[in-house]
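Student: I would like to learn how to read a model of this kind. Could we go through it one feature at a time?

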Amino acid sequence: MTQGWKITVIVLAAVGIVSTPLVWLLNGPGAGQMAGACVQAAAGIAALVWALFQHPAPAGPVDRANDTGEANGGGVTGVKRPGGQGHGSATAERTGDASGPNSVSGIDYSN
């Protein structure tokens, strides 16, 4: 769940929870109104608890390269993201040797 949606759900849940006592205070609620207000409060509390326990959505793909081999003659021994595309993280650890022209050992953001 994105941060924006989480905030939206929390605000709407809070409005649902806070507006419930207003029903009780205005016009002397009957049995049906009281039952509806209880259901409204329970739904608001459930939505609030659910939103609070949601983890943020990942920002994008996670690319990892570990313990790779050698790159010869223009190869890449890690992660290749042309033009820096993607919004997730990229890590390269213990990549192999890069020998030859245009070889990359690690992360390649070139076009």
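Student: What is the relative accessible area of K80?

Tutor: K80 has a relative accessible area of 47%, so it is partly exposed. Buried means under 20%, exposed over 50%, and partly exposed in between, with a 1.4 Å probe and protein chains only. The model is predicted: local features need pLDDT of at least 70, side-chain atom pairs count only at pLDDT 80 or more, and totals for chains, interfaces and linings use all residues. Residues are numbered from 1 along each chain as its sequence is written, and side-chain values use heavy atoms, with hydrogens and water left out.

Student: Which side chain meets K80 in a salt bridge?

Tutor: A salt bridge is a side-chain nitrogen of Lys or Arg within 4 Å of a carboxyl oxygen of Asp or Glu. Here the partner of K80 is D108, at 3.1 Å from N to O. D108 lies in strand 6 and K80 in strand 3, so the bridge ties together parts that are 28 residues apart in sequence. D108 is buried, because its relative accessibility is 8%.

Student: How many salt bridges does the structure hold?

Tutor: The structure holds 3. In another of them, D67 pairs with R94, and the closest N and O atoms are 2.7 Å apart. D67 sits in the loop between strand 1 and strand 2, and R94 in the loop between strand 4 and strand 5, so parts 27 residues apart in sequence are tied together. R94 counts as exposed at 55%, whereas E93 is partly exposed at 40%.

Student: What is the radius of gyration of the chain, beside that of a compact globule of 111 residues?

Tutor: The radius is taken over C-alpha atoms, and the globule rule is 2.2 Å times the number of residues to the power 0.38. The chain has 27 Å, while a compact globule of 111 residues would have a value near 13 Å. Its C-alpha atoms fill a box of roughly 85 × 25 × 15 Å along the principal axes. Of the 111 residues, 19% count as buried. G73 and A51 give another view of distance: they are 22 residues apart in sequence and 51 Å apart in space, C-alpha to C-alpha.

Student: Where is S103 found?

Tutor: S103 is in the loop between strand 5 (98–99) and strand 6 (107–108). At 16% relative accessibility, S103 is buried. Contact means heavy atoms within 4.5 Å. Leaving out residues up to four places away in sequence, S103 touches A71, N72, G73, G74, G75 and A98.

Student: Where does G73 lie, and is G73 buried or exposed?

Tutor: G73 is in the loop between strand 2 and strand 3 (79–80). G73 counts as exposed, at 63% relative accessibility. Beyond its neighbours within four places in sequence, G73 is in contact with S99, G100, P101 and S103.

Conventions:
Helices (H or I, at least four residues) and strands (E, at least two) are DSSP runs, numbered from the N terminus.
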